[in-house]
Structures are given as structure tokens and as C-alpha cells.
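Reader: I have a protein structure to learn from. Can we go through it in short turns?

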Amino acid sequence: MTLPQTVDLNCDLGESYGAYRMGNDEAILPYVTSANIACGFHAGDPSVMKKTVRNALELQVAIGAHPGLPDLVGFGRREMAVSPEEAYDMTVYQIGALGAFVTAEGGRLHHVKPHGALYNMAAVNPALAESLAEAVYKVNPSLVLYGLAGSELIKAGEKLGLQTAQEVFADRTYQQDGTLTSRRQSDALISDPELALQQVVRMVREGKVLSLQGMEVPIKADTICLHGDGPHALSFARQIREAFQAEGISVQAVPAL
């Protein structure tokens, strides 16, 4: 069954820090419809946050907070034994920090998408998912909560009445339970751009993805993550927009409440 659809293209941005530069933010921004901006815990700093917010607003790209675990060295990709209460506190803190820059620049915060290990932990841990969803709701119930398609985080957001965006990944492989393959495994990433394009178009048009175990997994694609820090990120962003145009798939940010 073909599903004609409008989807959001999001990208994790603002991940430079001090003298360290990550990604190619300014080049990739014109190709996406929403930006998840690091809030200083796993990446980013105040100056980078301000600059990234300004650039996104100039291009009318929807802005989201991208809260992560307090792990600059590990880029927020290492799991930490945080309690639901601690996760709530650090999420509120980071949304507030990014939101202040958005307000100062005359914009409006659109969404929240957890980063890295925090994102993956909340995808399978109901208590942690509920704490993150509550943090978003308490800060602003009109914010959209981005989470892994079919995950505990999406369920927690829907339970609270938040607008949710079910996220899929063009360049990541999937397990048969719908979770992402761990980055610790060699087959976690899809390095062939053509295969990544085929996967993401199928997820949008047919609502299915082929797991590494060879099973068809049903999946809902409201928003697609493009990684902006890879060597071919810019060319892949162009290719995915071209592929969507050819398929008649339009792109726009997920509508907020």
C-alpha cells in the first residue's frame, strides 16, 4: 500500500563547542525543515547556540531543543545511570537554555528531540520516557515531542496529550523490534547512499523497513533524521530532497499544537 505523505526532514545541529568544529550546519540548513540544536550538555555552547538559532530563523527552519546526557567527551552517546527525576531536571534545564536564545532572537521553540543515549534509553524505558515527556509538557505543552517511531517515548508523549513526531533514520539499520542497531555494532550505519535512499523512501511510501534479521517491520515516518556530521552529509541531503521530489513526497515541519 502506498502512503502519499508530507514528511519533516530534521537534522542535529549546533554541535560545535569552543574551538572544536562539528558538521556543516550552514550548508545543510537549506535542505531541512527542522533543526535540533544541542543545548550544551553533550555538545554546543552559548555562542554556537545563538548562531545556530539565528541561522535557522533566517531560513524559517523550525527549531527544537536537543537535550542530551552531560557527556561532552562521549558526545552523549554513552549510557549513564540517571534516574527519571534526574532526566526530568536535565531536560527542563536544557529546553530552558535553548528556548531563551530562541525567544531572544524573536522566534518560537517548536519541538524537543532527545539526543544519543538519552534518546535510545527513553525509547525502551517507560519510566525514563515518561519523565522526558513530562519535562516537555511542563515547560510548554504545545511543543512537539520527537521520538523513535513506535517507541516508549512516543507512547508517553501521546499519553500526556503532546503532539508527537515519529522519527525514522535514513542511514541507520533496524532490529526486528523496531529499535535502531547499536552504534557499537559494525552494521549500525548504512554507508551506501543509494541503499539509504531506498530505505527512507520505502519507510515513507509503504510504512515498512527491512530489519537486519530480514523481517519486515511496520513503521510510521512523520520525520526523518539526516545526520549532518558525516563526510557525505551535504550530498546526501541534496539526494534525499531530489528523491522525494521524484516520488511526489513534499516536506514541511511537523505542525505544532
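This is a predicted model: local features need pLDDT of at least 70, side-chain atom pairs count only at pLDDT 80 or more; totals for chains, interfaces and linings use all residues.

Reader: How many helices and strands does the protein chain have?
Author: Helices (H or I, at least four residues) and strands (E, at least two) are DSSP runs, numbered from the N terminus. By that count, the protein chain has ten strands and eight helices.

Reader: What is the radius of gyration of the protein chain?
Author: The radius of gyration is taken over C-alpha atoms, and the globule rule is 2.2 Å times the number of residues to the power 0.38. For 257 residues the rule gives 18 Å, and the chain's value is close to that, so the chain is as compact as a globular protein of that length. The C-alpha trace spans about 45 × 35 × 35 Å along its principal axes. The radius of gyration is 17 Å.

Reader: What percentage of the residues in the protein chain are buried?
Author: Buried means under 20% relative accessible area, exposed over 50%, and partly exposed in between (1.4 Å probe, protein chains only). The chain has 257 residues, and the buried share is 53%.

Reader: How many salt bridges are in the whole structure?
Author: Side chains of opposite charge can pair when their charged atoms come close. A salt bridge is a side-chain nitrogen of Lys or Arg within 4 Å of a carboxyl oxygen of Asp or Glu. A search of the whole structure finds eleven.

Reader: Arg78 and Asp71 meet in a salt bridge. Which of the two is buried?
Author: Their N to O distance is 2.6 Å. Arg78 has a relative accessible area of 46%, so Arg78 is partly exposed. At 8%, the buried residue is Asp71.

Reader: Which helix holds both Arg202 and Glu206?
Author: Arg202 and Glu206 form a salt bridge, with closest N and O atoms 3.1 Å apart. Arg202 is partly exposed at 24% relative accessible area, and Glu206 is partly exposed at 36%. They lie four residues apart, about one turn, in helix H7 (residues 193-206).

Reader: Is Glu167 buried or exposed?
Author: Glu167 belongs to strand E6 (residues 163-169). A polar contact of 2.7 Å (a pair of N or O atoms within 3.5 Å; within protein, one must be able to donate a hydrogen and the other to accept it, and residues adjacent in sequence count only if both atoms are side-chain atoms) joins the side chains of Glu167 and Lys113. Beyond neighbours within four places in sequence, Glu167 has contacts (heavy atoms within 4.5 Å) that include Asn10, Tyr119 and Cys225. With a relative accessible area of 0%, Glu167 is buried.

Reader: Where does Gln60 lie?
Author: Most residues other than glycine have a negative phi. Gln60 has a positive phi, near 55°. At 74% relative accessibility, Gln60 is exposed. Gln60 lies in the loop between helix H2 (46-58) and strand E3 (62-66).

Reader: Is Phe75 buried or exposed?
Author: Phe75 also has a positive phi, near 55°. Phe75 sits in the loop between E3 and helix H3 (84-104). At 13% relative accessibility, Phe75 is buried.

Terms used. Residues are numbered from 1 along each chain as its sequence is written. Side-chain values use heavy atoms; hydrogens and water are left out.
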